[in-house]
Amino acid sequence: NRCWENKLKMNCDSAFPDYAKKITYLLLILAIAGGIVTQLIWGWRVSVAFILATGFHAAFFLFLRKKYLDWTETGRDIFFIGRRIAGFASGRFILEILLSVLVVIFTPLNILGFLAGLLSLVVATYGERIIGAIKE
């Protein structure tokens, strides 16, 4: 992979933070739009659940971006960074399960709205790819 070559390291160092920033913005747009639509159709319990789940993903990508920038600033090896990001991404699934259980047990929020919000990451990912293809 050409990103591992030292002469291109600067180009690759900005790829993940740029992607995380785009995905965060798309997730926030989806949270607002989805929150409004779900409020109008199903009410506040679905709307708040959707916004919380979508906000979870936005916060997660902000966290990953910050960690990536901290690691690159301190000179961490690119393989270290890749393994850590993959580890956090894997851990995200456990957090999603725990949050879903907490929503069901401790809140009056609608679990289907929460699950739909968790799926917003898929929509944001495809949206980012479509926008990228259109810009090229």
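**Briefing: a buried glutamate, helix packing and nonpolar cores**

E96 counts as buried, because its relative accessibility is 13% and buried means under 20% relative accessible area, with exposed over 50% and partly exposed in between (1.4 Å probe, protein chains only). The structure is a predicted model, in which local features need pLDDT of at least 70, side-chain atom pairs count only at pLDDT 80 or more, and totals for chains, interfaces and linings use all residues. Residues are numbered from 1 along each chain as its sequence is written, and side-chain values use heavy atoms, with hydrogens and water left out.

**Surroundings of E96**

- E96 lies in helix 4; helices (H or I, at least four residues) are DSSP runs, numbered from the N terminus.
- Apart from neighbours within four places in sequence, E96 contacts F56, H57 and L118, where contact means heavy atoms within 4.5 Å.

**Helix 2 against helix 6**

- The axes of helix 2 (residues 15-42) and helix 6 (residues 120-135) come within 9 Å and cross at roughly 120°; axes are lines fitted to C-alpha atoms, for helices over the stretch in contact, and angles run from 0 to 180 degrees between N-to-C directions.
- Helix 2 is therefore oblique to helix 6, since angles under 35 degrees count as roughly parallel, over 145 as roughly antiparallel, 65 to 115 as roughly perpendicular and the rest as oblique.
- Residues of helix 2 in this contact include Y19, K22 and I23, and those of helix 6 include S120, L121 and V123.
- The contact residues divide into 9 nonpolar, 3 polar and 2 charged; Ala, Val, Leu, Ile, Met, Phe, Trp, Tyr, Cys and Pro count as nonpolar, Asp, Glu, Lys and Arg as charged, and the others, Gly among them, as polar.

**Helix 2 against helix 3**

- The axes of helix 2 and helix 3 come within 8 Å and cross at roughly 175°, which means that helix 2 is roughly antiparallel to helix 3.
- The residues of this contact comprise 20 nonpolar, 8 polar and 2 charged.

**Nonpolar cores**

- In soluble globular proteins, nonpolar side chains tend to be buried together.
- The largest nonpolar core has 16 residues, of which F16, I23, L27, F61, I81 and I85 touch the most other members; such a core is a set of buried Ala, Val, Leu, Ile, Met, Phe, Trp, Tyr and Cys residues joined through side-chain atoms within 4.5 Å.
- Helix 2, helix 3 (44-73), helix 4 (78-106) and helix 6 each supply at least two residues of this core, and helix 3 gives the largest share, 6 residues.
- A second, separate core of 7 residues includes A53, F56, V103 and F114.
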